[in-house]
Amino acid sequence: MKSISGISSSLLPDFAILYTASNCALDNVPNLEYSTIDELIQKTKKIQADIVLTCDKELIRNGIADEFKKNRLNIICVNKKWSNIEKSKLIAKQLLSHYSINCPQTLLCPTAFPVVLKLDDSDNTQKFFANSMHELIDKRLEWENIFQNKKMFIEEYLKGDEYSLLILWDMKNALSFPVDNDEHNINLTEVQIDRLELLKTKLNFMLSDEQADFTGFLVLKLLWAKTFCIKTFVRKNNHS
C-alpha cells in the first residue's frame, strides 16, 4: 500500500490543506493509504482534499495529473506529456534549443576531446568521459551490448560551477527557488545573478508559449560556463 499525508500548506495560500502522494509522504502526519490511481482519486474526492502533491516517477509517467484533471481535482506535478523532458535528455535538449536556452551541445562526430557519452534515460545517470575517439568507440560498443535498445548520445564537455534551481509552474508564471539542500550550489556573483534572471525569463516564455497545462515542479541542474546552461532536468523525490 502507498500513502498520502495531510499537511498544512504555506506555499499555496489559496488551498487550506495540501496532501502528498506516494514517496512524497511526510513523517509524523496522518496517512491515507491507496493501492491504485483510481483508489487515490476516489479517496481524494471523499476527504475533499484541496490539492495533492506528488513527485513519484511512476505516478507521473502513468498520467496521474491527467487523471486528476479529468476528475476536476487539483494536483501539483507535471503531466504525462511534460514528464518526457525529465525522462528524455534529448527531448529536453530539442525543446531548450528551440527557445535559445543554453544546454551542452550534442555532437555527431567529435573532433575535440574530452567528450561525454550519455544514455538518453533519466533513470540511468551513467556517463563516460572519453579522451579519445578510440575510448569513445570502445565504450559505445560496450554500452550497446549492456544497454540494448537504449538510445545514447555524445555531448560536449563543459566544466564549471553547478547550481540547482526549483521551478514551480502554475500555468501562468514560473516561480523559482534555489535548492537550499544542494551542496553543490554556489554563491552567485552579480553577473551570474543577471544571467540567471535571463534564463528564468526564457523558461517562463517557453512554458507560456508551449501552453504547458499543468501545475507542478521542475528541478533544473545548471552549469556556469561563461553563462548558465541547463545540464538536465531532475526528478527529485521530495521538494521540501
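Author: Helices (H or I, at least four residues) and strands (E, at least two) are DSSP runs, numbered from the N terminus. By that rule, M133 belongs to helix 6 (residues 133-146). Please keep in mind that this is a predicted model, where local features need pLDDT of at least 70, side-chain atom pairs count only at pLDDT 80 or more, and totals for chains, interfaces and linings use all residues. Residues are numbered from 1 along each chain as its sequence is written, and side-chain values use heavy atoms, with hydrogens and water left out.

Reader: Thanks! Is M133 buried or exposed, or in between?

Author: Buried means under 20% relative accessible area, exposed means over 50%, and partly exposed is in between (1.4 Å probe, protein chains only). M133 has a relative accessible area of 31%, so M133 is partly exposed.

Reader: Let's turn to charges. How many salt bridges does the structure hold?

Author: A salt bridge is a side-chain nitrogen of Lys or Arg within 4 Å of a carboxyl oxygen of Asp or Glu. The structure has 11 salt bridges. One of them joins E67 to K70, with the closest N and O atoms 3.3 Å apart. Both residues sit in helix 3 (residues 64-70), 3 residues apart, about one turn of the helix. E67 is partly exposed at 27% relative accessibility, while K70 is exposed at 63%.

Reader: Which parts does the salt bridge between K93 and E155 tie together?

Author: In that pair, the closest N and O atoms are 2.7 Å apart. K93 lies in helix 5 (residues 89-98) and E155 in strand 9 (residues 152-156), so the bridge ties together parts that are 62 residues apart in sequence. K93 is buried at 8% relative accessibility, and E155 is buried at 5%. K118 also belongs to this picture, as K93, K118 and E155 are linked in a network of salt bridges.

Reader: And where do K231 and E162 lie?

Author: Their side chains meet in a salt bridge at 2.8 Å, N to O. The pair links distant parts of the chain, with K231 in strand 13 (residues 228-234) and E162 in strand 10 (residues 161-169), 69 residues apart. K231 is partly exposed at 21%, and E162 is partly exposed at 23%.

Reader: In what order do the strands of the open sheet run?

Author: Two strands pair if DSSP finds at least two bridges between them. In this model, 4 strands form an open sheet in the order 11-10-12-13, with antiparallel pairing. Strand 11 (174-178) and strand 13 are at the edges, each with a single partner strand, so one side of each is left without a neighbour in the sheet. Strand 10 and strand 12 (residues 216-224) pair in the antiparallel sense over 9 bridges, and E162 stands opposite L223 in strand 12.
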